Amino acid sequence: MSDLEHEHIVRVHHMGEYNGTYYLVMDYVTGPEGRPQSLHQELDNRPQKRIDPDTAAKWVRQIAQGLAYAHARGVIHRDIKPANILLTPEGDVKNH
């Protein structure tokens with residue numbers, strides 16, 4: 001995972017284990033409001049929990065691009081869900 005460098009994937013800098021607990025050190029991604037925000041949180045904050053079609057299509061493309069990049073390098077995510085998609089300050093998304 002630490003070899004993956006793509007604009008729609010959160011970069012992993014280090015993986016390890018400490019006293020039986022496994023961990024990842026990843027980029028800190030802030031959302032449009034300056035704090036981390038997942039797609040799940042964004043949906044909760046929207047009226048009727050909906051995203052306009054153009055934004056949804058943009059985010060789906062970005063998620064698919066990141067996943068295709070990872071899959072081409074033998075990495076399978078296995079837990080794609082709104083809580084694991086982060087928003088960037090620019091309004092894009094990153095898989096983590």
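Select glutamate 42: this residue is buried, at 14% relative accessible area. Buried means under 20%, exposed over 50%, and partly exposed in between, using a 1.4 Å probe and protein chains only. The model is predicted: local features need pLDDT of at least 70, side-chain atom pairs count only at pLDDT 80 or more, and totals for chains, interfaces and linings use all residues. Residues are numbered from 1 along each chain as its sequence is written, and side-chain values use heavy atoms, with hydrogens and water left out.

**Stop 1: around glutamate 42**

Stay on glutamate 42. Its place is in helix H1, residues 39–45. Helices (H or I, at least four residues) and strands (E, at least two) are DSSP runs, numbered from the N terminus. Now show the contacts of glutamate 42, leaving out residues up to four places away in sequence: Gln37, Trp59 and Leu87. Contact means heavy atoms within 4.5 Å.

The side chains of glutamate 42 and arginine 46 meet in a salt bridge, 2.6 Å from N to O. A salt bridge is a side-chain nitrogen of Lys or Arg within 4 Å of a carboxyl oxygen of Asp or Glu. Arginine 46 is partly exposed, at 24% relative accessibility.

**Stop 2: the largest core**

Select Leu39, Trp59, Ile63, Leu67, Ile85, Leu87 and Val93. These seven residues make up the largest nonpolar core. Such a core is a set of buried Ala, Val, Leu, Ile, Met, Phe, Trp, Tyr and Cys residues joined through side-chain atoms within 4.5 Å. Which elements give two or more residues to this core? They are helix H2 (53–72) and strand S3 (85–87). H2 supplies the largest share, three residues.

Centre on isoleucine 63. Leaving aside neighbours within four places in sequence, isoleucine 63 is in contact with Ile85, Val93 and Asn95. A second, separate core has five residues, including Ile9, Tyr69, Ala70 and Val75.

**Stop 3: glutamine 62**

Pick glutamine 62, in helix H2. Is glutamine 62 buried or exposed? Its relative accessibility is 8%, so glutamine 62 counts as buried. Beyond residues up to four places away in sequence, glutamine 62 touches His8, Asp92 and Val93.

**Stop 4: methionine 26**

Go to strand S2, residues 21–26, and select methionine 26. This residue is partly exposed, with 28% relative accessible area. Not counting residues up to four places away in sequence, methionine 26 touches Val10, Arg11, Val12, His13 and His96.

**Stop 5: a surface patch**

Show the surface and colour Tyr18, Tyr23 and Val25. They make a nonpolar patch of about 310 Å². Patch residues have over 30% relative accessible area and no salt bridge; like charges are joined within 9 Å, nonpolar side chains (Val, Leu, Ile, Met, Phe, Trp, Tyr) within 5 Å. Areas come from the Shrake-Rupley method with a 1.4 Å probe; for residues, only the protein chains shown count as cover. Tyrosine 18 has its place in strand S1, residues 12–18. At 59% relative accessibility, tyrosine 18 is exposed.

**Stop 6: further salt bridges**

How many salt bridges does a search of the whole structure find? The search finds six. Side chains of opposite charge can pair when their charged atoms come close.

Select glutamate 33 and arginine 35. Their closest N and O atoms are 3.1 Å apart, in a salt bridge. Glutamate 33 is exposed at 58%, and arginine 35 is partly exposed at 39%.

Finish with lysine 81 and aspartate 79. This salt bridge has its closest N and O atoms 3.6 Å apart. Lysine 81 is partly exposed, at 38%. Aspartate 79 is partly exposed, at 36%.
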